[in-house]
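Visitor: I am new to this structure. Please take a close look at one part, the place where the two chains meet, and then say what lies around that part.

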Amino acid sequence: MSTPLFEIDKLSLQYHTNGGAFHALRDVSLTARRGEVIGIVGESGSGKSTLVSAMIGLLSANAYITNGSVKINDTDLLTLSERKRRRFRGHDIAVIFQDPMTAFNPVLPLGAQLIDFQFHRRGVSKRDKRQHAIDTLTHVGIAAADKIMAKYVHELSGGMRQRAAIAAALVMTPDVLIADEPTTALDVTMEAQIIHLLRQLSHDHDGTIIVVTHHLGVIGELCDRVYVMYAGQVVEEGPVDAIYHTPGHPYTTALIDCDLVHLDETPRTLPTIPGRVPDLAPPPAGCAFANRCEKAQTRCFASAPPRVQIAKEHAAWCFRVPGHEVAQ
Amino acid sequence: MTALMTAANLDVSLPMPQSPLQFLTPGRATIDILRDISLTIDAKTTLGLVGESGSGKSTLARALLGLQPISGGEICFDQVPLTTPAGFQSLRRSTAMMFQDPIASLSPRMRIGKQLTEPFVIHRVVMPDRGARAAQLLDRVGLPASLADRYPHELSGGQARRVCVARALALSPRLLIADEPTAGLDVSVQGEILNLLRQIRDETGLALLIITHNLPMVRHVSDHVAIMYLGRLIETGPTRTVFANPKHPYTQNLIASKPQPDPRKRRSDLAIKGEIPSILRRPEGCEFHNRCRFAQDLCRQHPPELREVSAGQFARCHYAETLTK
C-alpha cells in the first residue's frame, strides 16, 4: 500500500459558543492516496463543512482544534504558522466551492482572478500565467476560453460558472483537490456534465480528489472510497461498492433507503429517518445515532461503539454490525 | 373526475429588457416566457411540473394564481374563467402557495402563531380564539403548539417547511401549489414533508401542484406529470406511463441524467450535451433540436405540436413514435 498523500488523524474540533462548547468534530480520521477519489457524505449538521474548513485551515475565530493533525505529504498543516500555511493553499490543496457566484470576486473579470491565483509561481511572466489560465479553462470544457477571460461572473451561465470554479481550483495543479457540494446548485443535466468532468479530471489528475456532498448519487458515480459522517463523527468508511451494497452501520443503511432513486414501486409512505440529529453541546455519551436507530440497545446509549473491521478497508462504528456483533 | 383548474393555450410575455437605444425601435419588443400551455389539474390528484431552471415552471405557477399577468389564453377555476378581479378574489380564497424558500417566505419579525392566523384576518374569517386556531394548525402538521411563540429563525429547515404547509392549509384551500417543497432538505426528512402533503391531500381532497426538478420525487408523489422546456410543455401524461415509456428525447435524457446512488450502475456516456438556451434566443423549429441526438432537418425548421402519442400521453416531438432510447 502506498503511503497516504493526505491524512487526517483523530481530528477533534470545538466551537465555543454562548451555549457552551459545541463538539463539531470528534476523532475524525481519513486517508487519501494518490489517484484516489474519496467521498465524504453526510447530512446537515454532520460536520462535513467544518471538516472542509479545517482541511484548508480556514476556520472561524471561535473554532478550537483540541486534538489531531491534518497532513499533506507528512507536513502537518495545523502546526504551521499562518504565513507558511498560506503557501500550501492553492499550491498543494485547493477547494472547488459550492457556490461559484460567491467564490469569485464580482467586480473583477474572471481572467484577472485566474492570473492572480497563480501568485505562488515566481519568475513566470504574466503572459504565461494568462496562457496557463486559458489552457485550464479549455481543459475544463470551456470553449472560446480567451473570450471568457474578459467576462465577469454574473455574465456566465450556471454551468459555465461551475466549470470556471473548477478551473480556479485546478490552476495551481494542487495535489489535493476538494470539491465541496460541486453539483448542488445545478440542474440535473448540468449535474451529469459536471460529474462527467470531475471523473475525467480524476483520470488525468495526479493527486487525490475529495468530494464532499450530501448527495449519494454523486458519490456513487464518482468515488472509490467513502466516509459516512454523522453528528461530527465518521460512522462508517469503506470502498464505494461495500458502502452501497453491504453497509455496516444502521445510519448508512437508512440513508441509502431514503434516496427515492432506488424505489421502483411507490410505497404507501416514503422512507424517512425519524427523530433529529442530537445536540453536540455536549455530545451524547453513547452512539450519536442511538436515538434514531431501530436496532439501538441500552448499551448504545451508555457507551461509544467501537470501530468494527468488516473487511479490508471497510469499518463501521457500531455494536451491531451484521455478522460482526460485539458481545454484550 | 372533475377538472378543478384548467389552462388553455396560456401565453405569458414580458417586455424586453430596456436598451439605451430603444428610441430607435418604436413599439416594445417582448419575450415569450410561456408559450401555448394547456393543462388540467383534477381535484384530489397531484400534478408534478418538472423543468430545469429557466424553463418557466415558477412563472406558470404564478400565472395560474393570478400573480403574473397573462398575455393570451384562458385560465378557468371551477369552470369559471378568470377574467374579472372578482374571479381572482374567489381564486385566492381557495388556493394556496408554498414558496421555495420557507424561511424567506415567513416574516422574520412575526411570531409563528401570528403568521399562521394571518390568512383568517386578511380574508375576514371569524376566528374566536386566535391562539387555539394556531395550535390546531400546528398540530395538523405534527408540530408542538409551543412553536407558536417562536420566530422563524429559531426553526430548523424541516420545521419551517411544516409551518409553511400549515399556513397554506389555514383556509382549507382546494388547490395547493408547492414550489420545490423539499429543496434544501436532507434526504432523511424530505420523505416526512412528502408524506405529510399526501396525507393531507387524502384527508381533505385538495389538488396538489408540485413544481420541482427532482425527478425521482415526482415519480413517487404525483399522479400526472408535465415536463417543461423553454416555456413550453414538451411531454405530459400519467406518471407511470411517462416514466415507463418517455416519448420526448428531453424526458428520456432527464431520466437518464439522474446520478445513480449505486456504483454498479455507473454510466460511462453523457446523456445530454450543452446548456438550456437563453429564452432571449429561442431556437427556430423545435426548441430542443440543438441538444437533441435525433434532430433532423424537419426539427430545425418546423416546431412540432403537442400531440397524443399513447393513451393520455402527449409529446411535442415529430418523431416521438419512432425514437428508441
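**The interface and its salt bridges**

Guide: Over all chains, the rule used here gives 23 salt bridges, a salt bridge being a side-chain nitrogen of Lys or Arg within 4 Å of a carboxyl oxygen of Asp or Glu. The model is predicted, so local features need pLDDT of at least 70 and side-chain atom pairs count only at pLDDT 80 or more, while totals for chains, interfaces and linings use all residues. Residues are numbered from 1 along each chain as its sequence is written, chains are lettered from A and ligands numbered from 1 in the order in which they are written, and side-chain values use heavy atoms, with hydrogens and water left out.

At the interface, 48 residues of chain A are in contact with 38 residues of chain B, where contact means heavy atoms within 4.5 Å. About 4,000 Å² is buried between chain B and chain A, and carbon and sulfur atoms give 50% of this area. Buried area here is the accessible area (1.4 Å probe) that two parts lose on being put together, summed over both. Of the area that chain B buries against chain A, 17% comes from B:His220, B:Pro261 and B:Arg266, more than from any other three residues.

Three salt bridges are found across the interface of chain B and chain A. In one of them, the side chain of B:Arg264 meets that of A:Asp241, at 2.8 Å from N to O. A salt bridge also joins A:Glu265 and B:Arg240, at 3.8 Å from N to O. This pair crosses between chains: A:Glu265 is in the loop between H11 and H12 of chain A, and B:Arg240 is in helix H8 (residues 239–244) of chain B. Helices (H or I, at least four residues) and strands (E, at least two) are DSSP runs, numbered from the N terminus. Both A:Glu265 and B:Arg240 are exposed; exposed means over 50% relative accessible area, buried under 20%, and partly exposed in between (1.4 Å probe, protein chains only).

Between chain B and chain A, 20 residue pairs are in polar contact, with both residues at pLDDT 80 or more. A polar contact is a pair of N or O atoms within 3.5 Å; within protein, one must be able to donate a hydrogen and the other to accept it, and residues adjacent in sequence count only if both atoms are side-chain atoms. On the side of chain B that touches chain A, at least two residues come from each of helix H6 (187–204), helix H7 (215–221) and helix H9 (249–257) of chain B. H6(B) gives the largest share of that side, ten residues. Sorted by class, the side of chain B that touches chain A has 15 charged, twelve nonpolar and eleven polar residues. Here Ala, Val, Leu, Ile, Met, Phe, Trp, Tyr, Cys and Pro count as nonpolar, Asp, Glu, Lys and Arg as charged, and the others, Gly among them, as polar.

A:Glu221 belongs to helix H9 (residues 216–222) of chain A. A:Glu221 counts as buried because its relative accessibility is 1%. Apart from neighbours within four places in sequence, A:Glu221 is in contact with A:Ile195 and A:Arg199, and also with B:Pro259, B:Gln260, B:Arg266 and B:Arg267.

Other salt bridges lie within chain A. A:Glu313 and A:Arg33 form one, with the closest N and O atoms 3.0 Å apart. The two residues are 280 residues apart, A:Glu313 in the loop between strand E11 (307–311) and strand E12 (314–317) of chain A, and A:Arg33 in the loop between strand E2 (20–32) and strand E3 (37–41) of chain A. A:Glu313 is partly exposed, at a relative accessible area of 24%, whereas A:Arg33 is buried at 14% relative accessibility. A network of salt bridges links A:Arg33, A:Glu36, A:Arg225 and A:Glu313. A:Arg89 and A:Glu82 also meet in a salt bridge, at 3.2 Å from N to O. Of these, A:Arg89 is buried at 19% relative accessibility and A:Glu82 is partly exposed at 45%.
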